[in-house]
Amino acid sequence: TGNDNLFVITGGPVRAKIVGIVSTIIGGASNGDLQIVTTSPAATADLNAAPVAIDNDAAGTSYHNVGATSVFTPTTAGAVILDPVTEEECEFILPVGTVHFRSSAAQSGVIKWYMTYTPLTPSAVVTAAA
């Protein structure tokens with residue numbers, strides 16, 4: 001339950017895409033989404049339109065963000081076709097801060113998170129949270 005820090009952004013803003021892949025089955029019912037806690041201005045911002053159910057999601061399930069409102073989308077089929085014509089994958093402009101996964105209930109399981117990013121300033125860096 002609560003927030004699991006994923007990525008720390010320092011030195012300036014980045015343009016990013018975030019994907020999660022279940023590596024160990026999620027045991028039980030829970031909802032989850034992504035947020036960022038920024039340092040300037042000090043705020044917490046949702047990165048998804050709403051949390052999504054991650055109930056008993058099997059290994060190989062992926063989570064990505066699509067559409068104009070960043071719908072947090074689980075895919076259980078393994079491979080994902082990202083079709084920019086019908087529904088564009090979301091990119092984020094993320095300021096200095098910490099991206100975390102927010103869960104509504106403590107459950108067993110592991111989601112591995114990946115971020116591709118482009119720094120918007122020469123000193124911007126993303127590191128995995130400890």
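Q: What pLDDT does the protein average?
A: In this predicted model, 99% of the residues score at least 70 in pLDDT, the predictor's confidence in each residue on a scale from 0 to 100. Local features need pLDDT of at least 70 and side-chain atom pairs count only at pLDDT 80 or more, while totals for chains, interfaces and linings use all residues. Residues are numbered from 1 along each chain as its sequence is written, and side-chain values rest on heavy atoms, with hydrogens and water left out. The average pLDDT of the protein is 90.

Q: How many bridges join S2 to S10?
A: Two strands pair if DSSP finds at least two bridges between them. S2 runs antiparallel to S8, with three bridges, and there alanine 16 stands opposite phenylalanine 92. The number of bridges joining S2 to S10 is 11.

Q: Which residue in S6 is the bridge partner of glycine 20?
A: S2 and S6 pair in the antiparallel sense over two bridges. Isoleucine 21 stands opposite serine 62 of S6. For glycine 20, the bridge partner in S6 is tyrosine 63.

Q: How many of the residues of S6 are buried?
A: Ser62, His64 and Val66 point one way from this strand, whereas Tyr63 and Asn65 point the other way, and all are buried. S6 is thus listed as mostly covered, and the number of its five residues that are buried is five.

Q: In the hairpin of S6 and S7, which residue takes a positive phi near 80 degrees?
A: S6 and S7 pair in the antiparallel sense over five bridges, and valine 66 stands opposite valine 71. The hairpin has four residues between the strands, and the residue with the positive phi near 80 degrees is glycine 67.

Q: How far apart in the chain are tyrosine 63 and tryptophan 113?
A: Rings of Phe, Tyr and Trp (its six-membered ring) pair if their centres lie within 6.5 Å; planes under 30 degrees apart count as stacked, over 60 as edge-to-face and the rest as tilted. The rings of tyrosine 63 and tryptophan 113 have centres 6.3 Å apart and planes at 25 degrees, so this pair is stacked. Both residues are buried. The pair links strand S6 to strand S10, and the separation is 50 residues.

Q: Which residues do ring pairs link into a cluster?
A: The whole structure holds five aromatic pairs. One of them is the stacked pair of tyrosine 63 and phenylalanine 72, at 5.6 Å centre to centre and 20 degrees between the planes. Tryptophan 113 has contacts (heavy atoms within 4.5 Å) that include Leu6, Ile18, Tyr63, Phe72 and Phe101, residues up to four places away in sequence not being counted. The cluster linked by ring pairs consists of Tyr63, Phe72, Phe101 and Trp113.

Q: Is serine 70 buried or exposed?
A: Serine 70 lies in the loop between S6 and S7 (71-75). Its phi is near 60 degrees, a positive value in a residue other than glycine. At 6% relative accessibility, serine 70 counts as buried.

Q: What is the relative accessible area of asparagine 56?
A: Asparagine 56 is found in the loop between S5 (52-53) and S6 (62-66). Its phi is positive, near 50 degrees, in a residue other than glycine. Asparagine 56 is partly exposed, and its relative accessible area is 47%.

Q: Is the peptide bond from serine 40 to proline 41 cis or trans?
A: Proline 41 is found in the loop between S3 (31-39) and S4 (42-46). Omega for the bond from serine 40 to proline 41 is near 0 degrees, and the bond is cis.

How values were computed
Buried means under 20% relative accessible area, exposed over 50%, partly exposed in between (1.4 Å probe, protein chains only).
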